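Keep the structure open as you read.

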Amino acid sequence: MPSLTVTIDNTAGFCFGVTGAIRKAEEELKNGSLYCLGDIVHNGQEVARLADLGLVTIDNEQYQQLHHARVLLRAHGEPPATYETAKANDIDIIDASCPVVLNLQKRIRQTYEKTKTDGGQILIFGQAGHAEVIGLQGQTHNTAIVIENESDLDKVDFSRPIYLFSQTTMSVEAFEAISEAVLKATGDRQQAVSPTPLPPYPPTPHIYDSICRNVANRVENIRSFAKQQDIVFFVGGKKSSNAKVLFEHCKAANPNSYFIEGPDDLKSECADAPLNSKLSTLNFKIGITGATSTPLWLMEQVRAALLR
């Protein structure tokens, strides 16, 4: 008789920032109507669950037209303009911004004040248009330069002081690579200006590793978990950048990895002939893991569907 083992990765699921935001939403919904500015988490099923409880998701345009209401700010954080609108429109803000993000916003805001005297530039390594990055840029009146890859360094004036930060959910390896590229570009500029030893010109870049280790550690955990399984079902939302990154690491560690949004996707994946034959193999191990935006209850549904 074939033996099938289905294991949920015990390091998967919401990060503490998202957990706090969802807990706050559930608590505040008991006190009446509540809006959320943007999807509270990049997972359609969790957004739908909270909508059933009464949480109304709005976009920025709708937020601007809102008055005398309660609005939850999700874990990603918001720019100063969001709070200014709340004050002008008599909106009661329920701030569920992640503490890690809030600390980074404060540090960037303080650095921005410093650049007014030293002429420096703030670089943010992250995904342009991402909610967290928009909030970080807002601390600099949108003057910070967003760097997604090395080609974006063409936007930077390396004759000026450089202050490099990172979106909290970027990978450590990618941040190290971009940091090296910034250091090299600065060195190249210095060599072009003064090939003979002189006091450093331009100044050595200030590099701040602002990556959340609660998220970054998921990479090693997911690699280790994936290697122990015959097949891995990675559960995540298509809108989640974190899910895309973690799935790439999962797939690299175990080529037999499949990205699904929930149990309904198992039909199409399990219809694959090679996969079907693997599922009947003796002592077969299936692993279920997910992004920092994936709820545990959804992974449990996937497990239950596999064991039917």
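## A helix under cover

Start with helix H6, which spans residues 131–138 in this predicted model. H6 is mostly covered, with seven of its eight residues buried. Those buried residues are Ala131, Glu132, Val133, Gly135, Leu136, Gln137 and Gly138. What does the covering? The buried residues of H6 have H4, H5, S6 and S7 among their cover.

Two packed helices are described by the angle between their axes and the distance between the axes. For H5 and H6, the axes come within 9 Å and cross at roughly 30°. That angle makes H5 roughly parallel to H6, and the crossing is right-handed. On the H5 side, the residues that meet H6 are Val101, Leu104, Gln105 and Ile108. They meet Glu132, Gly135 and Leu136 in H6. An α-helix has 3.6 residues a turn, so residues three or four places apart point the same way.

## The sheet beside it

Now for the sheet that contains S6 and S7. This one is open, with four strands in the order S7-S6-S8-S9 and parallel pairing. Strands S7 (145–147) and S9 (206–207) are at the edges with a single partner strand each, so one side of each is left without a neighbour in the sheet.

H5 (residues 99–118) packs on this sheet, where it touches S6 and S8 (162–166). The direction of H5 makes about 170° with that of S8. Within the sheet, S6 (residues 121–125) and S7 run parallel and are joined by three bridges. To find a residue pair there, look at isoleucine 124, whose bridge partner in S7 is valine 146.

## A second sheet

There is another open sheet to explore, also with four strands in parallel pairing, and its order is S3-S2-S4-S5. Its edge strands are S3 (55–58) and S5, each of which pairs on one side only. Ignoring direction, neighbouring strands of this sheet are turned by 35° against each other on average.

Which residues face cysteine 36? In S3, the bridge partner of cysteine 36 is threonine 57, and in S4 leucine 72 stands opposite cysteine 36. The strands around these residues are joined like this: S2 (residues 34–37) and S3 pair in the parallel sense over four bridges, while S2 and S4 pair in the parallel sense over two bridges. Moving on across the sheet, four bridges join S4 to S5, and these two strands run parallel. Here valine 71 stands opposite isoleucine 93 in S5.

Strand S4 is worth a stop of its own. Arg70 and Leu72 point one way from S4, Val71 and Leu73 point the other way, and all are buried.

Helix H1 lies across S2, S3, S4 and S5, and runs at about 165° to S4. H1 (residues 16–29) also packs with helix H2 (residues 44–52), at an angle of about 15° and with their axes 11 Å apart. That makes H1 roughly parallel to H2, and H1 passes H2 in a right-handed crossing.

Which residues meet between H1 and H2? From H1 come Ile22, Glu26 and Leu29, and from H2 come Glu46, Arg49 and Leu50.

Two residues in loops have a backbone angle to look out for. Histidine 68 sits in the loop between helix H3 (60–65) and strand S4 (70–73). Its phi is near 50°, a positive value in a residue other than glycine. Is histidine 68 buried or exposed? Histidine 68 is exposed, with a relative accessible area of 61%.

Aspartate 90 is found in the loop between helix H4 (80–88) and strand S5 (92–95). Phi of aspartate 90 is near 55°, again a positive value in a residue other than glycine.

## Stepping back

To finish, zoom out to the whole protein. Its secondary structure comes to twelve helices and twelve strands. The protein has 308 residues, and 50% of them count as buried. The accessible surface comes to about 15100 Å², and 51% of that belongs to carbon and sulfur atoms.

How do contacts relate to the sequence? Among contacts between residues at least 6 apart in sequence, 69% join residues at least 24 apart.

Notes:
Residues numbered from 1 in each chain as written. Predicted model: local features only at pLDDT ≥ 70, side-chain atom pairs only at ≥ 80, totals over all residues. Heavy atoms only, no water. Pairing = 2+ DSSP bridges. Contact = heavy atoms within 4.5 Å. Axes fitted to C-alpha atoms, helices over the stretch in contact; angles between N-to-C directions. Buried < 20%, exposed > 50% of the residue type's maximum accessible area, 1.4 Å probe, protein only. Areas by Shrake-Rupley, 256 points an atom, 1.4 Å probe, with all protein chains shown as cover. Parallel < 35°, antiparallel > 145°, perpendicular 65-115°, else oblique. Left-handed = near helix turned anticlockwise from the far one by under 90°.
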